[in-house]
Amino acid sequence: MHGYPGRLDSFEEYLLRRNSSDASSNMKDESDKPEVEAEALKEMVEHAHVKSYLLRTEIWDIILEEVPYYYEGAKSLEEVAELIQNRCRLYLSEME
């Protein structure tokens with residue numbers, strides 16, 4: 001799985017490193033240039049929105065309550081994932 005740095009200064013440094021490492025590769029057209037790709041990626045990140053339900057601490061509380069059962073070996077990954085999903089779904093339906 002690929003991720004990007006969360007801090008703006010680290011993200012910009014990542015883009016610079018990526019641009020310099022991609023500079024030697026073959027470019028088919030203008031959109032393949034690293035700086036064009038980096039600018040498009042930066043614009044997407046700057047305009048990204050976090051869904052309000054992701055900020056709800058209740059969701060994280062549910063996750064933090066259920067995950068230890070998996071690590072303790074009391075429940076399988078599938079069981080824990082299903083419990084989290086069901087509890088979150090119920091919580092969100094009650095919020096509507």
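Glu65, Glu66 and Arg87 are tied together in a network of salt bridges, a salt bridge being a side-chain nitrogen of Lys or Arg within 4 Å of a carboxyl oxygen of Asp or Glu. Keep in mind that this is a predicted model, where local features need pLDDT of at least 70, side-chain atom pairs count only at pLDDT 80 or more, and totals for chains, interfaces and linings use all residues. Residues are numbered from 1 along each chain as its sequence is written, and side-chain values use heavy atoms, with hydrogens and water left out. A search of the whole structure turns up 3 salt bridges.

**The network**

- Glu65 forms a salt bridge with Arg87, with 2.9 Å between the closest N and O atoms. This pair links distant parts of the chain, since Glu65 sits in helix H3 (residues 57–71) and Arg87 in helix H4 (residues 77–95), 22 residues apart. Helices here are DSSP runs (H or I, at least four residues), as strands are (E, at least two), numbered from the N terminus.
- Glu66 and Arg87 also meet through their side chains in a salt bridge, at 2.8 Å from N to O.
- How accessible is Glu66, buried or exposed? Glu66 counts as buried because its relative accessibility is 8%; the cut-offs are under 20% relative accessible area for buried, over 50% for exposed and partly exposed in between, with a 1.4 Å probe and protein chains only.
- Glu65 counts as partly exposed at 45% relative accessibility, and Arg87 counts as partly exposed at 29%.
- Leaving aside residues up to four places away in sequence, Glu66 touches Lys75, Val80, Leu83, Ile84 and Arg87, where contact means heavy atoms within 4.5 Å.

**How H3 and H4 pack**

- Two packed helices are described by the angle between their axes and the distance between the axes.
- For H3 and H4 the angle is about 160° and the axes are 9 Å apart. Axes are lines fitted to C-alpha atoms, for helices over the stretch in contact, and angles run from 0 to 180 degrees between N-to-C directions.
- H3 and H4 are therefore roughly antiparallel to each other; angles over 145 degrees get that label, while under 35 is roughly parallel, 65 to 115 roughly perpendicular and the rest oblique.
- On the H3 side, the residues meeting H4 include Ile59, Ile62, Glu65, Glu66 and Tyr69. Their H4 counterparts include Val80, Leu83, Ile84, Arg87 and Tyr91.
- The residues of the contact of H3 with H4 divide into 13 nonpolar, no polar and 4 charged. Ala, Val, Leu, Ile, Met, Phe, Trp, Tyr, Cys and Pro count as nonpolar, Asp, Glu, Lys and Arg as charged, and the others, Gly among them, as polar.

- Glu13 and Arg17 meet in a salt bridge through their side chains, at 2.9 Å from N to O.
- Why are Glu13 and Arg17 separated by about one helical turn? Because they are 4 residues apart in helix H1 (residues 8–22).
- Glu13 counts as partly exposed at 46% relative accessibility, and so does Arg17 at 45%.

**The whole chain**

- The chain has 4 helices and 0 strands, and its elements run α-α-α-α from the N terminus on.
- Of its 96 residues, 15% count as buried.
- Among contacts with a separation of 6 or more, 32% come from residues 24 or more positions apart.
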